[in-house]
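My notebook is open and the viewer is loaded. Let me jot down what I look up, one stop at a time.

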Amino acid sequence: MEPHVSGPAPLAIAAAGVNKSFGRTSVLHNVDLAVGEGTIFGLLGPNGAGKTTIVRILSTLIAADSGDIQVAGCNVARDPDGVRAAIGVTGQFSAVDDLLTGEENLRLMADLHHLGRAAGRLRVTQLLDEFELAEAARKPVSAYSGGMRRRLDLAMTLVGSPRVIFLDEPTTGLDPRGRHTMWAAIRQLRAGGVTIFLTTQYLEEADQLADRIAVLDRGRIVAEGTPDDLKRQVPGGRIHLRFVEPELLHAAGRALETAVHDEEDLLLVLPYDGTVAALRHVLDRLDDAGVEGAQLSVHTPDLDDVFFAVTGHPTTEATPAP
Amino acid sequence: MSTLTYTVADSTTMLRRNLRRLARYPSMTLLLVGMPIVFMLLFVYVFGGQLSAGLGRALAAGHAGRAGYLNYVAPGILLMTTAAAVQGTAIVVAMDMTGGIIDRFRTMAIARASVLTGHVLASVIQTFISLAVVLGVAIALGFRPTANLAHWLAAIGVLLLFTLALIWLATALGLAAKSVETASNTPMFLTLLPFLSSAFVPTATMPAGLRQFATYQPFTPVTETLRGLLTGTPIATNLIEAIAWSLGIAIASFLWATHLYDRRHAR
């Protein structure tokens, strides 16, 4: 346990009143962010919400129109090189050199960080082992699988031992195994004291990894808190009952007063708190009413539910990010 | 380390990366070096015999026939080699800028200039290797430069300055291109310019209009300077014009390229 000091915890990222427009399209409105040192911060939102724009602003790639932003103690506008020296970025699109081998890509990073010959070689070998790339080290990256490229991408980000790491949708497009490998790597980084700012479309991912989550909707932060805080705002899961005939749907609807009808899809949707008792209650009521031939499925809360709870509208894709 | 040492170190790293990329992707270099060789063979063996008859005074003293035309056209072919080689510059710059790795470089505390200087230095090396190959083929075919050491050094200096000018221009074109395909097309006009200069025939033989264009475009004074240094034809004011054109193009293109590099991804 760390001793609790008085006053606010030191922040790795502090942003206040960030605005950004592209031409006449406003992309970010008054975004405030506070990310504590050594924590994982998850920025959750659908495509087009502005997640990538925030990462690009925080990582000095583009300038905000207004707002005050400090990353690793340096001002993004006034001391971008100070920020760059402290951060590592793995973007959504792979940032590796396809014509070079995995080892050469990592050596390139070591040289650009001025690690020196011996130390650079050591760091490269260590990262190749850590990310299970040692066997493919001498193969050109163009021959790598998607998961290998993603691992190399993250390994390249880590060559300079950054204190703050930005991961823009690090697991999008990965298979479940690749996703779990990535999650393990991210947790290990935090254990080493690194601050991680990650964006994701998946509530489960934010829930699994993040200490705090902010929900971004059309350029505004609409909710912020711990995963538990957020999930408390979600009305829990749902039970879907699907029927083949409208008469059965209506009979079941009469038996279950809290259900919402969807006549078109012959679907009944019921709020569900995840307990066995509640499920048994639903089944008992259906039995009592003599309704048979229903298909039942249980849905746990997902991003759509969080969205609906905090914004009052479902996730809608804005114009896709460039 | 000082800022300058960082700039040198990072530029060297980027140079190494680009040379490695060129070595991994040799088909492009081979294709670009093949073009001037094909034109040299075409002009010397198909048109050369006939063309030399009409050149008369334009040929260097003691030159005549097909071999005389080879000696006349070889300096222009060297400039065409540069013009072709820089198409590769535009392509590799555009490949870099449209790929993801440029964003990685931009989020690292590396010398800002190093990305572009790395490309430019690699292209200079690539172009001079191409020039050496084409010169070797020309000599094998019978090109006999009369230059002494001082002339050779001056010729290399003129070629280097002109090559740098075209490389910075191609770098800017590669940065301005929205796609790699565009970048491979926009510098193509450079390979046409030698035909509209004194590289293949004297400008005096061209109709009015074209003649003025040919006389006052950069390839003509650079060709005349190079031809004078290598084969002993008169140079006159062409050296000054060649240096002025090269410096002008180099400086304007350098400013354009760095402006595009700073502005790109600003959205």
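This is a predicted model: local features need pLDDT of at least 70, side-chain atom pairs count only at pLDDT 80 or more; totals for chains, interfaces and linings use all residues.

I started with helix α9 (residues 246-255) of chain A, which lies across β11 (237-242), β12 and β13 of chain A. I read its direction as about 25° to β13(A). Angles run from 0 to 180 degrees between N-to-C directions, with axes fitted to C-alpha atoms, for helices over the stretch in contact. Contact asks for C-beta atoms, placed from the backbone, within 7 Å. Helices (H or I, at least four residues) and strands (E, at least two) are DSSP runs, numbered from the N terminus.

Residues are numbered from 1 along each chain as its sequence is written, and chains are lettered from A and ligands numbered from 1 in the order in which they are written.

Next I looked up the sheet. In chain A, four strands form an open, antiparallel sheet in the order β12-β13-β11-β14; strands pair if DSSP finds at least two bridges between them. β12 (260-262) and β14 (295-299) of chain A each have a single partner strand, so one side of each lacks a neighbour in the sheet. The twist averages 20° from one strand to the next.

Then I checked one pairing. β12(A) joins β13 (residues 267-272) of chain A through three bridges, in the antiparallel sense. A:His261 stands opposite A:Leu268 in β13(A).

Last stop: how many residues does each chain bring to the contact? I noted 23 residues from chain A and 20 residues from chain B.

How values were computed
Two residues are in contact if their C-beta atoms, placed from the backbone, lie within 7 Å.
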